[in-house]
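This briefing accompanies the sequence and model shown below. Please look at both before reading the points that follow.

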Amino acid sequence: AGRARLSLPPPAGILPLSRSRPLPLTTHLYVAAPAVTLVKALGAHSAAKAWLPSGSIDPWHRDAAFFGWDARGGGVRVTQERRVYMGGLSDEAGAAAGVAVAI
């Protein structure tokens, strides 16, 4: 898994009008780990870090829910997000976390 770059020469006989030599065709790829591995990792993370336990203090009384996770912002639950009505509840972000934990 990781980043990869693939460069291929164009088919023989194809030259750009302004160049004497054809430019290679290049694409950048990210090769992900197998789906089973990714789902296991998401489930472990969701269960250990993204879950807001029942009885937690929250000004909006959100209780026992999966929250988004901000890895760049210091690795914390996203409880305040100005781009959404009420950040944190799983129905806004989808049910992926709950499904991953179940699997």
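Asp70 touches Gly75, Val76 and Val78, where residues up to four places away in sequence are not counted and a contact means heavy atoms within 4.5 Å. This is a predicted model, in which local features need pLDDT of at least 70, side-chain atom pairs count only at pLDDT 80 or more, and totals for chains, interfaces and linings use all residues. Residues are numbered from 1 along each chain as its sequence is written, and side-chain values use heavy atoms, with hydrogens and water left out.

- Asp70 lies in strand 5, which spans residues 68-70; strands (E, at least two residues) and helices (H or I, at least four) are DSSP runs numbered from the N terminus.
- With a relative accessible area of 31%, Asp70 is partly exposed, a class that falls between buried (under 20%) and exposed (over 50%), computed with a 1.4 Å probe on protein chains only.
- Asp70 and Ala50 are separated by 20 residues in sequence, and their C-alpha atoms are 9.8 Å apart in space.

**Helix 1**
- Helix 1 covers residues 35-50, and Gly43, Ser46 and Ala50 are buried in this helix.
- Viewed down the axis of helix 1, its buried residues fall within an arc of 110°, so they line one face of the helix; the arc is taken from the directions from the helix axis to the C-beta atoms.
- On the face of helix 1 turned away from its buried side are the exposed residues Val36, Lys40 and Ala48.
- The cover over the buried residues of helix 1 includes strand 3 (51-52), strand 4 (65-66), strand 5, strand 6 (76-78) and helix 3 (96-102).

**Nonpolar surface patch**
- Leu6, Leu8, Leu25, Leu29 and Val31 form a nonpolar patch on the surface, with about 440 Å² of accessible area together.
- Strand 1 (2-8) and strand 2 (25-31) are the elements that give two or more residues to this patch, and strand 2 supplies its largest share, 3 residues.
- Patch residues have over 30% relative accessible area and no salt bridge; like charges are joined within 9 Å and nonpolar side chains (Val, Leu, Ile, Met, Phe, Trp, Tyr) within 5 Å.
- A salt bridge is a side-chain nitrogen of Lys or Arg within 4 Å of a carboxyl oxygen of Asp or Glu, and accessible areas come from the Shrake-Rupley method with a 1.4 Å probe, only the protein chains shown counting as cover for residues.

**Whole chain**
- The protein chain has 3 helices and 6 strands, which run β-β-α-β-β-β-β-α-α from the N terminus on.
- Of the 103 residues in the protein chain, 15% are buried.
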